[in-house]
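Keep the structure open as you read.

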Amino acid sequence: MEDPELSSDTVDPQVRAHINSLVSALGGYSIDDDDGYKLGDDALEVLRDLKKWIRFYDEKLNRMDVARCLAEANLVGTDLLQILATWRPNDSASKYKARIALACFEIMVPLTWPIEKDRETMTVNHHRHLPVLQLAQLGYKRAILNFDAAPILGTAVRVALPSMALASGDRSARDQGIIKLILYFLRNIAMISPPPGVKGDGDETYVSRSALVDAFSYQDVLLTLLTMASNMGDDFRTEDVVVMEIIFHLVKRVDSSKLFVSEKQLHRIKAEELTAAMKKEAAMLRSYNKNAPTRHSRFGTMIWVRRESGKLSTVSGQDALLDAATRERKMDSSKSFKPPRRARKEDIESKDLGPPVNLDERARKQLQDFVSEFLDSGFNPLFGHVRRSLDRDAPHVLQYHHSQFFYLVAWFLEAERARRNAQKESKQPSTGDEVGSFNLVAEVLSQEMFISISRALDRAYGDKDWRLLTTVMRCLTQILLTVQEMSQSGNEEDEEIADNILSRLFYEETTHDTIANIVRTYKDQGFEYLDACTELTHTFVRILEAYSKQNVDLHVRSRKRRRRKKKAARAEGQQAADDDHGDSEDDSADDARQAEKTSQERKFDFKRFALRFIPQGVVDTFVTFTQYYRDLNDAQLKRAHRYFYRVAFKQEMSAMLFRLDIIHLFYNMIKGPEPLDRNSSMFKEWEELAKQIIRKCVRKLEERPALFVELLFSKTNSTAHYLEYGYEKQTVSANPRPAAELEFKREVERDRQIAIVVGVLLDRNQTDHLEWIKKQISEAEAERRAWENAEQALATERPDGEAAREPKMAPHSTLRPDNDARRTAMFKNAHLRLLMKLVGAERLAPTLDETPDSIWIIPGTVTADALKETLSLINQAEFTPPTFEDGTLAEDQLRRKSAARKRAAYDDDDDRGDIHDFVNDNSEDDDTGILFPAGGPTVRRRTAEDEPPAQKRLRRGRRRREGSEEPAPLTDEQLAERARARRKKELERARKIKSAVYVDPRDDMSDDERDREFFAKELARQEAKNASFGLSSKPSGVEMSTWEELLGVDGSGVDDDHEGKDGGSKTGRERARQTRKRKSDAGPAESSEDEDAGTSSTASDSGLESEERPARRARKRRKSARPVGSGSEEEDRAGEDGMDVDVRSTQSSKDEVVTNDTPLSSSPSRTAMATAEKVAADGERREDEDDDVPVAKVTARARPRARAGFIVESSDEE
């Protein structure tokens, strides 16, 4: 019992008094009667008041006082469970007890709701109540699972069964709320677990996973989950994630590989695990005994140690006697300086997974049967529907549902493979091809699933959501293993499907890049993340290697990226024009080709792909994983061993492993104080690997002494290549591009242009290029002069009678580079290329792509005199360089030439078809089309709305200047801000989901007494309105049947509704159907209006409380009426007032009597009597209406309005 003073401090006394009084009024045990628990007189209202206290005090004010008071009062165990026990299974017809049970669950759901620790919203009140409420929830779970008087979970299912039995389209909002309420109750019970670090009272078995599975199986909850999962998407839609949550908390941390083994095999597995644990413990003791002290702990030890400087240091403890290394380590630990400790990071493993679960034999059998039936019938419908909900980000989906979805997919895929292996070992014949095939899990092997996985990988990696990324990697690993098993199944159809799946998985090169980036960038994300990324890498590389060997012509789709500008810092004074413009090659033609990313297919090279897993980051990840070698199983040790073997021997990059800490780790695994267990199946392989790597390291140290220094550092790929082969790796560009083309900023004469280019070469100290070009011009001028002289000599020797022949073109002169540097300058030096063009040189084959070996010539059209003039201009500019105003240089007079971008080429450009003819009207000139004349379409002025935001425009410009389309990486502040925004959105969505759990009591229309009172008021109100219109008595000359038909009391009006409610013969839905059937006889012209009226009437009957209906009708009557011709609003109102008037007579009344031109002086009674006399069968003579029907004095007012064929007074509405 808690101290009263402490209780008064923790909870407000007034709140406690209110709650205690409500709990006392709920009911209790009778002293005189032994029948058990007795409900109070107002038990239902008390339960509703308790629900209001929880909802409006605890949740709205963000407090936990009411939950604390209810926990101290033991409301659940003492009252609610006893109340539920009074509702026997054979008493299902009692609506009152069903509503009492529903109210009990409405209280238990918020009391068992998971308690979230949000640091941003938590107060002192939360820290005060959280420990108590966590233990209270554990008590709730123990009481519910082990309640002997009645099956509480089965009772919860009974509450939801009537709503589940309805078709999906016939369920009301109340039915949906009841189903979700019960599902959340089951979710809460399955989710409650003992708080970590809290010792129980010896009753842990009553709330264990075995007890939960047993209770769910015994009380038919598992059958309910199977039914809902198998009908997901047809009968259930928004309940998908809740069902998935319940299954998640049932199977989480359960070893699926042990689920389908026989009992004998399970005992053998447990015996082997026990033997391995005992051997590991013995090995630890042996390693400890090697260095154990010789004397027991009662003897103290203190020694002096002489250090290198000659000083003496005192060391205490018996372990100081062992060896020098121990003494030095002890001295280091006693030093005053200690490195700063970083804050402990949050565990990456999901908080709701907990430790591994061991099930007893009974629970294991029950869960095995459930998993088998779920795989056979519910896996595809449930997970297919959940995946679609996650993809469209449905309102009922929360962030943690993504992690649960991928975790469950991985778990069930592993369970399916374990079941298949168990069937093979037991040699049980399969019941059919469909049951034994992979069609049972086909929903998660589709292309849509792969797209969802790829999107989740990118999003989780970008947002640094390591928990989600861990589950996605586990899921992708299990999918790969399942597809691999399909390819080895021996079934031709399954093998073909597996081949197709693998080709789609490996086709996208972005998936390869993502996996390589994930494993390379590991840093303190926890062991679970480390295990998941190494397992995915090992599985992906191994399966891809095998698949690439089988499919030699495998192609992948890669993306061509824009070439980035190199930002190499230039040494001051070093002017290298070759590199200046050559490294920044981005001319206009290339801009057109590289304007955006394009995808291309290329042949897959596995050796090239495997190089992505060689960098030091990937090696460090596997080294960190191997450091846990004492806790790893054989499969994990094999995974690390295969990676190091691939790096050292298959890829021949063993230099990446030549680092002191890596060599020390390999040595300790075999010969260290805590070596690998020799009984392990992987010990021999690791021993051989460590020996070979250390041997290669010693050999490389002898060959290359530089490795002694590199042992201390990580290595890049180029450094490792040099250490491995003794020379640097040669990289040759496959398609080099020439330098960018230059042009003059202003139009100047040719002599001035040559002077500017010569001045640039002189400024850059490239006179050797000038000497070479002058030499080439001189030689070309001499050749051209000799040819011209020969031609003139031949012309003078021609006989007089011979006709003059056509002049020949001189042969071209080739520009011959004198060395390789000159050849490179002709290709990369933009200024030299500009001078060559000014001289008149051109390429020999201009239509082909230019390469460094392209030939430049001086064509025969250039005469010898032109070459001589060019040479003189170059000499003149060389001796008298040009000068410019404002001290500018010659280089400032040039700029990069910009050309119009090329139109993007599409596959269907050559086959334009009919649309091209239609646009251009089959004319020869493409500019004359029938759609767009010569002027073209009208140009709209660009407005401010068309401009992108300033920040985006600035970022886009920056990317364009940098020559890259890759977005800049987000900073830690931006990532934190995004995480806060996602968290805020998640909390808002969670609050909406929790508030939607409550069922509105106003939706319950089963109170006969209240319905009877409501219809009595409606009848009285209708009679009063008829009397105010002067319609209480039948006019003379009108038959009774016609008069009743006009008033709507001919067996289809208010009396029938009232009688149906009292007698219980007709439900609200049946009356609505009868009303729609009666109104359907009015013809197609008014069907839409009648349906609207029926819909509003049905909604009124099913969703509103009786006290609110007159208020709603009064508000509707206050609205201004439309013209009579529209008709729909008047008929709707007539239906709401309970007047079922025949539509044909009403329409005739509208057409013949009631019009918009009614004079203001006309009386309502006159109009009504005129309508009655026109439909009379005998056609008697019209009598004086003033004598038959007394009418109140009519004053001048606005135009009267009509309702259901009658004129409506404004005073009546008021």
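Buried means under 20% relative accessible area, exposed means over 50%, and partly exposed lies in between (1.4 Å probe, protein chains only). This is a predicted model, in which local features need pLDDT of at least 70, side-chain atom pairs count only at pLDDT 80 or more, and totals for chains, interfaces and linings use all residues. Residues are numbered from 1 along each chain as its sequence is written, and side-chain values use heavy atoms, with hydrogens and water left out.

A salt bridge here is a side-chain nitrogen of Lys or Arg within 4 Å of a carboxyl oxygen of Asp or Glu. Lys 700 counts as buried because its relative accessible area is 13%. Glu 703, at 46%, is partly exposed.

The count of salt bridges comes to 46. Arg 612 pairs with Asp 513, and their closest N and O atoms are 2.3 Å apart. Arg 612 lies in the loop between helix 25 (606–610) and helix 26 (616–626), and Asp 513 lies in helix 21 (residues 509–520), so the pair ties together parts 99 residues apart in sequence. Arg 612 is partly exposed at 21% relative accessibility. Asp 513 is partly exposed too, at 24%.

Next come Glu 545 and Arg 646, whose side chains meet in a salt bridge at 3.0 Å, N to O. Glu 545 belongs to helix 22 (residues 527–550) and Arg 646 to helix 27, so this pair ties together parts 101 residues apart in sequence. Both residues are buried. Salt bridges also link up into a network, which joins Arg 474, Glu 528, Asp 531, Glu 535 and Arg 639.

Now turn to the backbone. Most residues other than glycine have a negative phi. Asp 220 is in the loop between helix 10 (209–218) and helix 11 (221–230). With 43% relative accessibility, Asp 220 is partly exposed. Glu 652 also has a positive phi, about 55°. Its loop runs between helix 27 (634–650) and helix 28 (660–671). Glu 652 is partly exposed, at 41%.

Methods:
Helix = DSSP H or I, 4+ residues; strand = E, 2+ residues; numbered from the N terminus.
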